[in-house]
Amino acid sequence: MRYYERIGLLAAPPRTTGGYRDYRPADVDRLRFISRGRNLGFSLEEIRSLLALAEDDGLSCQEVDHLARLHLVDIRARLGDLERMASELERVIDGCSGGERGDCAILDTLRHPPP
């Protein structure tokens, strides 16, 4: 939470007379928003934009929709990359004979990736 305060996503809360941070319900809601955005893979800058959009009652949902759609395209591209990495790693693991380290197909692939 202090990190989010430091980068300006969350305001520093007032303190009690004992010096404890006194978070208000609005602070908790904002933190949930940030946390949920992070769980969905939004960058901090994207979350900053979404928070600004959420706080402006005069804006239409089109801007939020556009940002969410761009993020979905990015997620799908990353999923494709992850699937390719998993397939390649599976291929390398399947090629491992479990022999000596000097003959390790996994280490060899890391040293000399296929063209």
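This is a predicted model: local features need pLDDT of at least 70, side-chain atom pairs count only at pLDDT 80 or more; totals for chains, interfaces and linings use all residues.

**Entry 1: the whole chain**

I looked up the secondary structure of the protein chain and got 5 helices and 0 strands. Read from the N terminus, the order is α-α-α-α-α. The radius of gyration is 23 Å, while the globule rule gives 13 Å for 115 residues, so the chain is more spread out than a compact globule. The box around the C-alpha atoms, along the principal axes, is roughly 65 × 45 × 20 Å.

How much of the chain counts as buried? I get 17% of the 115 residues. I also checked contacts between residues at least 6 apart in sequence: 30% of them join residues at least 24 apart. The accessible surface comes to about 8900 Å², and carbon and sulfur atoms hold 56% of that.

For charges, I have 17 positive and 20 negative side chains, with the centres of the two sets 6 Å apart.

**Entry 2: salt bridges**

The structure holds 9 salt bridges. I looked at some of them.

Aspartate 65 pairs with arginine 69, with the closest N and O atoms 2.6 Å apart. Both lie in helix α4, 4 residues apart, which is about one turn of the helix.

Aspartate 29 is partly exposed, with a relative accessible area of 48%. Arginine 32 is at 56%, so I count it as exposed.

Then arginine 30 and glutamate 55, where the N to O distance is 2.2 Å. Which parts of the chain does this pair link? Arginine 30 is in helix α2 and glutamate 55 in helix α3 (residues 44–55), 25 residues apart, so I file the pair as a link between distant parts of the chain. Arginine 30 is partly exposed, with a relative accessible area of 22%. Glutamate 55 is exposed, with 52%.

Does aspartate 27 count as buried or exposed? Aspartate 27 is buried, yet I find no salt bridge for it. The nearest side chain of opposite charge is arginine 24, 5.7 Å away. A salt bridge needs the nitrogen within 4 Å of a carboxyl oxygen. Aspartate 27 has its place in helix α2 (residues 25–39). Setting aside neighbours within four places in sequence, its contacts are Leu10, Pro13 and Asp22.

Glutamate 5 is in helix α1 (residues 2–6). Its relative accessibility is 15%, so glutamate 5 counts as buried. With neighbours within four places left out, I list its contacts as Leu10, Ala11, Ala12, Pro13, Arg21 and Tyr23. Leu10 and Pro13 turn up for glutamate 5 and for aspartate 27 as well.

Valine 64 sits in helix α4 (residues 62–94). Valine 64 is partly exposed because its relative accessibility is 30%. Not counting residues up to four places away in sequence, valine 64 touches Leu50 and Leu53.

Where is histidine 112 found? Histidine 112 is in the segment after α5 (105–111). At 54% relative accessibility, histidine 112 counts as exposed. From histidine 112 to alanine 86 I get 18 Å, C-alpha to C-alpha, for residues 26 apart in sequence.

Conventions. Residues are numbered from 1 along each chain as its sequence is written. Side-chain values use heavy atoms; hydrogens and water are left out. Helices (H or I, at least four residues) and strands (E, at least two) are DSSP runs, numbered from the N terminus. The radius of gyration is taken over C-alpha atoms; the globule rule is 2.2 Å times the number of residues to the power 0.38. Buried means under 20% relative accessible area, exposed over 50%, partly exposed in between (1.4 Å probe, protein chains only). Contact means heavy atoms within 4.5 Å. Accessible areas come from the Shrake-Rupley method with a 1.4 Å probe; for residues, only the protein chains shown count as cover. Lys and Arg count as positive and Asp and Glu as negative; His and the chain ends are not counted. The place of a charge is taken as NZ of Lys, CZ of Arg, CG of Asp or CD of Glu.
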